[in-house]
Amino acid sequence: MSKVRNLLHIVFNTKSRKMTIANDYREDVYRFIWKLCKEMNCYLLQVNGIPNHIHILVSLSPSISVADFVKKVKQQTSSWMKECGSFPDFEGWGREYGAFSVSESAKFDVIEYIKGQQVHHRKVTFENEYKDLCSNSGLSFTSFDLT
């Protein structure tokens with residue numbers, strides 16, 4: 001029997017990094033993402049963010065690619081957020097995303113990191129956070145990453 005553990009820390013921002021995810025309704029977005037994960041046979045370990053971006057830690061099913069997973073989450077949440085009326089300024093998600101591999105030994109640290117987003121961003125901008133995530137994963141960063 002094949003065994004797969006594919007832990008990914010996925011990050012994507014709102015279009016033009018606008019602050020359009022209202023704090024009063026962000027939990028609704030997270031529940032919607034949890035539902036999507038279940039539908040794709042993926043296991044959501046943690047989700048959180050601030051008004052201009054979201055972090056997801058997910059154990060990705062081997063039956064779906066990273067690109068397909070992110071595409072479905074972004075498309076479905078975008079449609080729902082525009083229709084539900086709770087996010088009147090939301091224009092959609094940015095074009096790009098980051099997907100960073102997470103080892104089993106680092107899983108709990110990443111969960112705590114994602115849980116602490118509101119506190120973390122009192123000191124660090126999203127742009128600097130994203131640059132660090134890329135750098136720590138050996139990936140280059142360009143200004144197009146955050147469009």
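Analyst: Happy to; the questions below take a loop residue, a core, a helix and a pocket in turn. Please keep in mind that this is a predicted model.

User: Let's begin with Ile64. Why is Ile64 called buried?

Analyst: Its relative accessible area is 17%, and buried means under 20%, so the label applies to Ile64. Ile64 is found in the loop between strand 3 and helix 2.

User: What is Ile64 in contact with, leaving aside its neighbours within four places in sequence?

Analyst: Met40, Cys42 and Phe69. Contact means heavy atoms within 4.5 Å. For Cys42, which is 22 residues apart from Ile64 along the chain, the C-alpha atoms are separated by 8.8 Å.

User: Phe69 came up there. Which residues does Phe69 touch, not counting those up to four places away in sequence?

Analyst: Phe69 touches Ile10, Cys37, Met40, Cys42, Val58, Leu60 and Ile64. In the largest nonpolar core, which has 26 residues, Phe69 is also one of those that touch the most other members, together with Ile10, Ile33, Cys42, Ile54, Ile56 and Val58.

User: Which elements give two or more residues to this core?

Analyst: Strand 1, helix 1, strand 2, strand 3 and helix 2 do. Helix 1 provides the largest share, 6 residues.

User: On to helix 5, residues 126-136. How do you know that its buried residues are on the same side?

Analyst: Those residues are Phe126, Glu129, Tyr130, Leu133 and Cys134. They cover an arc of only 135° around the axis, and that is why they lie on the same side of helix 5.

User: Last one, the largest pocket. Which element gives the most to its lining?

Analyst: Helix 5, with 3 residues. The elements giving two or more residues are strand 4 and helix 5. The lining has 5 nonpolar, 4 polar and 1 charged residues by class, and among its members are His9, Phe100, Asp132 and Leu133. The pocket's volume is about 160 Å³.

Note on methods: Residues numbered from 1 in each chain as written. Predicted model: local features only at pLDDT ≥ 70, side-chain atom pairs only at ≥ 80, totals over all residues. Heavy atoms only, no water. Buried < 20%, exposed > 50% of the residue type's maximum accessible area, 1.4 Å probe, protein only. Helix = DSSP H or I, 4+ residues; strand = E, 2+ residues; numbered from the N terminus. Arc of directions from axis to C-beta. Core = buried A, V, L, I, M, F, W, Y, C linked by side-chain atoms within 4.5 Å. 1 Å grid on protein atoms, 1.4 Å probe; cavity = no way out; pocket = protein on both sides within 12 Å on 5 of 7 lines; lining within 4 Å. Points joined across faces, edges and corners; volume = space filled by probe spheres on them. Nonpolar A, V, L, I, M, F, W, Y, C, P; charged D, E, K, R; others polar.
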